[in-house]
Amino acid sequence: MYPLHRPRRLRTTPAMRRLVSETEVRPRQLVLPMFVKEGLTEPSEISSMPGVLQHTRDSLRKAAVEAVQAGVGGLMLFGVPAERDAVGSAGTDPDGVLNVALNDLRAELGDSTVLMSDCCLDEFTDHGHCGVLAADGTVDNDATLQAYGELAVAQARAGAHVVGPSGMMDGQIAFIRNALDAAGFTDTGILAYAVKYASAFYGPFREAVESQLAGDRKTYQQDPANAREAMREVQLDLAEGADMVMVKPALLYLDVLRAVAEVSDVPVAAYQISGEYAMIEAAARNGWLDRERSILESLTSIRRAGADIVLTYWAVEAARWLDR
């Protein structure tokens with residue numbers, strides 16, 4: 001009499017599996033994070049992220065065009081300045097590396113992709129924190145909001161379609177929205193890093209941006225043990241006017257991603273971070289994992305958990321595989 005039910009019938013052939021597949025990853029759902037370094041004469045590979053580069057302005061343009069031609073949905077830019085100071089003034093300088101790069105790409109690509117920018121101070125400060133420091137060395141939340149407003153306006157003026165506040169300051173979305181609207185950038189969107197954990201897996205990224213951080217960011221990024229807190233952060237960002245919300249990291253927080261997707265009435269993104277990238281690359285290079293299958297499975301898991309958009313360093317390569 002048994003088995004009475006045979007679910008394997010729906011797995012018998014590739015055509016059958018394709019017909020009943022519940023989750024799809026498409027190139028348009030992928031966003032490529034990119035790094036541009038001031039003063040660089042040749043692209044430089046990031047040692048802990050094989051295949052990922054610090055770009056020159058010229059190589060950034062070429063790589064961006066290739067990404068758009070591959071069909072990726074957007075680009076997220078991070079700048080690495082030659083000089084830093086306590087308040088991250090290179091971030092608002094019209095001639096600063098990130099703003100110049102945004103201008104380059106907007107001129108090159110127009111509206112053919114969604115150009116995003118990291119709206120945070122950490123790459124630009126000599127202490128590596130995401131905000132302005134108070135006299136006692138803590139991050140001054142409200143003084144940082146003022147800096148974020150100026151940063152967002154500078155990036156919108158340089159050509160960003162969407163700014164991505166990643167600093168986890170209280171009230172940052174409302175402050176940035178008001179600053180953008182007051183400056184006339186009512187169409188510039190905000191991708192809120194609504195849920196950003198104080199993860200141990202950011203190490204390779206900090207090499208990529210040559211972070212000056214000593215210590216940690218546990219007083220403003222979230223405790224990895226907390227999920228209810230994440231939902232509160234999401235609700236606050238939605239109430240403040242976020243156009244999209246993001247969970248970061250992705251793979252280690254799929255439960256949180258699913259919970260966010262169930263309550264959000266705006267698109268949900270997830271950032272497959274540098275440590276996630278580095279782990280799979282290292283295992284594949286040692287012959288422990290099938291690289292292509294592992295990458296695509298990881299992206300599928302993030303989509304299955306509820307992400308409408310996935311930021312991933314494999315965006316271009318994955319897009320080409322998906323369109324084969």
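The crossing of helices α4 and α5 is right-handed, the term for a near helix turned clockwise from the far one by less than a right angle (left-handed if anticlockwise). This is a predicted model, in which local features need pLDDT of at least 70 and side-chain atom pairs count only at pLDDT 80 or more, while totals for chains, interfaces and linings use all residues. Residues are numbered from 1 along each chain as its sequence is written, and side-chain values use heavy atoms, with hydrogens and water left out.

Two packed helices are described by the angle between their axes and the distance between the axes. Here α4 covers residues 141–158 and α5 covers residues 172–182; their angle is about 45° and their axes are 9 Å apart. Axes are lines fitted to C-alpha atoms, for helices over the stretch in contact, and angles run from 0 to 180 degrees between N-to-C directions. The pair is therefore oblique, since angles under 35 degrees count as roughly parallel, over 145 as roughly antiparallel, 65 to 115 as roughly perpendicular and the rest as oblique.

On the α4 side, L145, Q146, Y148, G149, A152, V153 and A156 meet Q172, F175, I176, A179 and L180 of α5. These contact residues comprise 9 nonpolar, 3 polar and no charged ones. Nonpolar covers Ala, Val, Leu, Ile, Met, Phe, Trp, Tyr, Cys and Pro; charged covers Asp, Glu, Lys and Arg; the others, Gly among them, are polar.

T188 lies in the loop between α5 and β7 (189–196). Apart from neighbours within four places in sequence, T188 is in contact (heavy atoms within 4.5 Å) with residues including A156, L180 and D243. S59 belongs to helix α2 (residues 57–70). Between S59 and T41 there are 9.5 Å, C-alpha to C-alpha, and 18 residues in sequence.

| Residue | Relative accessible area | Class |
|---|---|---|
| T188 | 7% | buried |
| S59 | 13% | buried |

The chain has 11 helices and 10 strands. Helices (H or I, at least four residues) and strands (E, at least two) are DSSP runs, numbered from the N terminus. The radius of gyration is 20 Å, close to the 20 Å of the globule rule for 324 residues, so the chain is as compact as a globular protein of that length. This radius is taken over C-alpha atoms, and the rule is 2.2 Å times the number of residues to the power 0.38. Buried residues make up 53% of the 324.

Methods. Buried means under 20% relative accessible area, exposed over 50%, partly exposed in between (1.4 Å probe, protein chains only).
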